[in-house]
Amino acid sequence: FWIPSALGRTYGLSQLEVASYLKIWGLMTVTLGTVGTLAGGVIADRMRRARDDGYILLAMLSLLLIGVSFGGFLLMRSPALALLWLTPAALATALPPVAATAAAMEIIPRQMRSLLFATWMLIVSLIGLSTGPALIGFVSDHLFGGGAGVRYAIPLCSAAGLAFAVPLLLAVRGVYHRTMTEAAQISARGL
């Protein structure tokens, strides 16, 4: 939501100049996002075969990559370098949902999957779409003095998001592993 405003405010671009960079960002998002989505499934499956917590580990590593990319892009010297810095984010943005969905489907009983997945998507969308953009605007206005502060609000909010998500995923790894172990034992008994 904030990329057009952030590019314009950070680099002093006109709306026409911002639009030209947004065309590039759009192409990056479509092409790299598609590659990331397709490759994400392959990577997730390979990581899961290698480790019980492979899906969770992939989500955590990709969130770190996305956080660093979004956290640093406005600190670049030019808008072209900023877009280049966003390349890993464009590629990796699909990985956390791919990994989280695969992990959830693995532990949720079949008869409950559709309801739990729909509820999960509703909550994630409502929280993410309502608080994320508003938080960046709030931080920009109240900590960094207004519109030009979006350059620093986005990295700060990215860091805060990582500080919340990574420990949560670390905690979930243990629960996920125990759940998978219990499911394997139940399956081995034929129940």
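Follow the chain from one end to the other and you'll read α-α-α-α-α-α-α-α. That comes to eight helices and zero strands. Keep in mind that this is a predicted model.

How big a box do the C-alpha atoms fill? Taken along the principal axes, roughly 65 × 35 × 25 Å. Of the 191 residues in the chain, 36% are buried. The chain exposes about 11100 Å², and carbon and sulfur atoms supply 72% of that area. As for charge, there are 13 positive and 7 negative ones, and their mean positions lie 3 Å apart.

Now for the inside. Nonpolar side chains tend to be buried together in soluble globular proteins. Here, the largest nonpolar core has 24 residues, and Leu7, Tyr11, Trp25, Phe73, Leu86, Ile136 and Ile154 have the most contacts inside it. Helices that give two or more residues to this core are H1, H2, H4, H5, H7 and H8. There's also a second, separate core, with Ala44, Met60, Ala99 and Leu169 among its residues. Side by side, the two look like this:

| Core | Size | Residues include |
|---|---|---|
| Largest nonpolar core | 24 residues | Leu7, Tyr11, Trp25 |
| Second, separate core | 18 residues | Ala44, Met60, Ala99 |

Which residues does Trp25 touch, leaving aside its neighbours within four places in sequence? Trp25 is in contact with Ile3, Leu83, Leu86 and Ala90.

Finally, zoom back out to the whole chain. Take the contacts between residues at least 6 apart in sequence: 65% of them join residues at least 24 apart.

Technical notes
Residues numbered from 1 in each chain as written. Predicted model: local features only at pLDDT ≥ 70, side-chain atom pairs only at ≥ 80, totals over all residues. Heavy atoms only, no water. Core = buried A, V, L, I, M, F, W, Y, C linked by side-chain atoms within 4.5 Å. Buried < 20%, exposed > 50% of the residue type's maximum accessible area, 1.4 Å probe, protein only. Helix = DSSP H or I, 4+ residues; strand = E, 2+ residues; numbered from the N terminus. Contact = heavy atoms within 4.5 Å. Areas by Shrake-Rupley, 256 points an atom, 1.4 Å probe, with all protein chains shown as cover. Lys, Arg positive; Asp, Glu negative; His and termini not counted. Charge placed at Lys NZ, Arg CZ, Asp CG, Glu CD.
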